[in-house]
Amino acid sequence: MIESMNLVILIASILVVVAVFTSLVSFRVGAPLLLVFLFVGLAAGEDGIGGIMFDNAPLAYFIGSIALALILFDSGFETQFRTLKIAAGPSLVLATFGVMITTGVIGGVTWLVLDVPWLVALLFGAIVSSTDAAAVFFLLRVGGINLRDRTRSTLEVESGSNDPMAVFLTISLVELIILGGGENIAVELLQRFILQIGLGGIFGLAGGYALVWMINRVKLEPGLVPIITMALALSLFGATSILGGSGFLAVYVAGLYAGNSDMKMSVGVRRFQHVTTWLAQIAMFVTLGLLATPSEFGAVVIPGVVLALVLVFIARPVAVWLCLMFFNFSRNDTAFISWVGLRGAVSILLAIVPMVEGVPEGQLLFNTAFIVVITSLLLQGWTIRKVANWLGIIIPAKHGPVDRIDLELPGNANQEIVVYRVHEESAVATGHRIPRWARPSLILRDGVSLRPHSAGHVQGGDQVYIITPPKHVELLDQLFAGPAEGANDVELFGDFSFPPDTHIADIGRLYGFAVDDEDHELTVADILKRDLSGDVELGDRVAYGTVELIVRRTDDEHGVIEVGLSVEQTQTKKPKRRIPIFQSRSELLEIWKDWQKRKRAEKNAALRDDTAPTDKQIAADSDASANSSNDAGGDVADEDTKPEDGTPDPTPTEPDKKA
């Protein structure tokens, strides 16, 4: 027994080490990290070089559930209310209606491809309906793809919040299959939805409040605070699940509340959660890879690839378009959001549920889901940056790399110590003054501690210690960071910049070009919005006179807050690619109005044609007029030949008759 335990510990630790070192491949070649961890598990499994026999589906689901709960709690903890405010509407619609639309579309195709009962087909649709938060966060945050805040926030919040919906649909459909369905499945699903999502949200808020209250009121050793935070999160997950609610939603909401509250030791909690989340991801992915048996994939490779392609190119785009058309995302942003729909460990984890609960098609669904996940990661995960570049939605970063360490002050949740290593080309190293509210408390230069008044001007390579509220850290990053690549590109953003309320007439007088009479009262922002049809993105250019107006900075609502000016019009930047699908609500309304105008024009033209006389009618009218004239002439002649006394005409003579 002891030897077996030691062997398990040895194998598990070796797998973790191998997974960590193979992650270097992911960073080097851009492969999705989840795919690397899965392949480590497959290689160690019974069909791989490791030859480990692992077929304990309940244990795999147990490990995966704990890992997913920790990942979701950390996802909520790292999501700021500012991010949630930007993307609350679109992301929550995607996390609910988007998951249901995907479930329906994939369910219908599964019924045709796998030839299973329609309820089982819907179950498979629910299994693969959610995106993977770990994969999305890794590719966006670690992969260095810089997007507009609204697009990035929508992807992050959606990937963290759609898992509870997928879990609810999967477990509910499994129970309906086992119980033989019901008379009204839609009503039963609605009742379950209200119970699980309602209890999950309520318990999540209550649990988050209790967690923050306990950490702030109870004096604990700093090293124990992250541990009790994790334990309370798992306790909330278990209690909510037992009471019939969604435990995954509860831990996400609790993390969201706690991460945005003034909680003591939050910096230490974040640092600890980063470690545990990485460990949870490795444990879950490798375990799921061990559970799979690649030798059984042959029978489902073709159906699995077909379903994956339908998911990537039909189901996900349709769901995203229907959900986002009312939020006026640009076509390119909508296309990118539909492409970043990676399926991952959550889909494989949910595919275990039918196996554990004894659904006859459980093994078939698990193998097919594994193929779908691998295809999605290979196709989407490896091409996200290329697709973003092709769509032209990557924007320059606000600042370059930052070398920063956060140190929390004990007993004070409103202040923390931030340590910066000053970049050689940062703003403060090149002459900018540090704001009065951010004056350093200590400067470390060449290993020597210096007081700010004796250190003189801050130099590159200095370590600067600043006590500041956490909300000001992002502002300090811009002062101490290196220059962002492309942030001050003259060819991209122009030679000069103007406020958005500058009138185009003033620019015309300054640079000597004529301004149209109807444009004299318009600002440069008005010109950009008009000529770009309201679809404003960073770097867009509009030629006016002898100059080009350039969108230099925008806010979260696509509003222009800084306009660049290029004196010499260039063609160095390719025009923005405009795809022919994913029209927004406003574009659809314009299409409808244009169609209505064309229909009215055609109807008016048809009415004019009906009322206008045709050639035949004109000829007929002419003949009728001529005949009428002849008849009138004959009558007159007859009247002229009649005797004035009104006696009848004499009888014609015989020659007249012959004639």
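Among contacts in the chain between residues at least 6 apart in sequence, what percentage join residues at least 24 apart? The figure is 73%, with contact meaning heavy atoms within 4.5 Å.

Before you click around, note that this is a predicted model, in which local features need pLDDT of at least 70 and side-chain atom pairs count only at pLDDT 80 or more, while totals for chains, interfaces and linings use all residues. Residues are numbered from 1 along each chain as its sequence is written, and side-chain values use heavy atoms, with hydrogens and water left out.

**Whole chain.** Start with the cartoon view: the chain has 25 helices and nine strands. Helices (H or I, at least four residues) and strands (E, at least two) are DSSP runs numbered from the N terminus. Of the 659 residues, 45% are buried; buried means under 20% relative accessible area, exposed over 50% and partly exposed in between, using a 1.4 Å probe and protein chains only.

**Stop one: helix α10.** Select residues 225-242. Now show the side chains of Val225, Pro226, Thr229, Ala233, Leu236, Phe237 and Thr240, which are buried. Look down the axis of α10: these buried residues fall within an arc of 120°, so they line one face of the helix. The arc is taken from the directions from the helix axis to the C-beta atoms. Following α10 you will find Gly244, with a positive phi near 100°.

**Stop two: α8 and α15.** Select 163-178 and 345-356. These helices pack at about 15°, with axes 10 Å apart. Axes are lines fitted to C-alpha atoms, for helices over the stretch in contact, and angles run from 0 to 180 degrees between N-to-C directions. The pair is therefore roughly parallel, a term for angles under 35 degrees. To see the contact, show Asp163, Ala166, Val167, Thr170 and Val174 of α8 with Val346, Leu350, Val353 and Pro354 of α15.

**Stop three: two aspartates.** Select Asp115, in the loop between α4 (81-113) and α5 (118-127). Its phi is positive, about 55°, although Asp115 is not a glycine, and at 68% relative accessibility Asp115 is exposed. Finish at Asp446, in the loop between β3 (442-445) and β4 (448-450). Asp446 also has a positive phi, near 55°, and is exposed, with a relative accessible area of 78%.

Definitions and conventions. Parallel < 35°, antiparallel > 145°, perpendicular 65-115°, else oblique.
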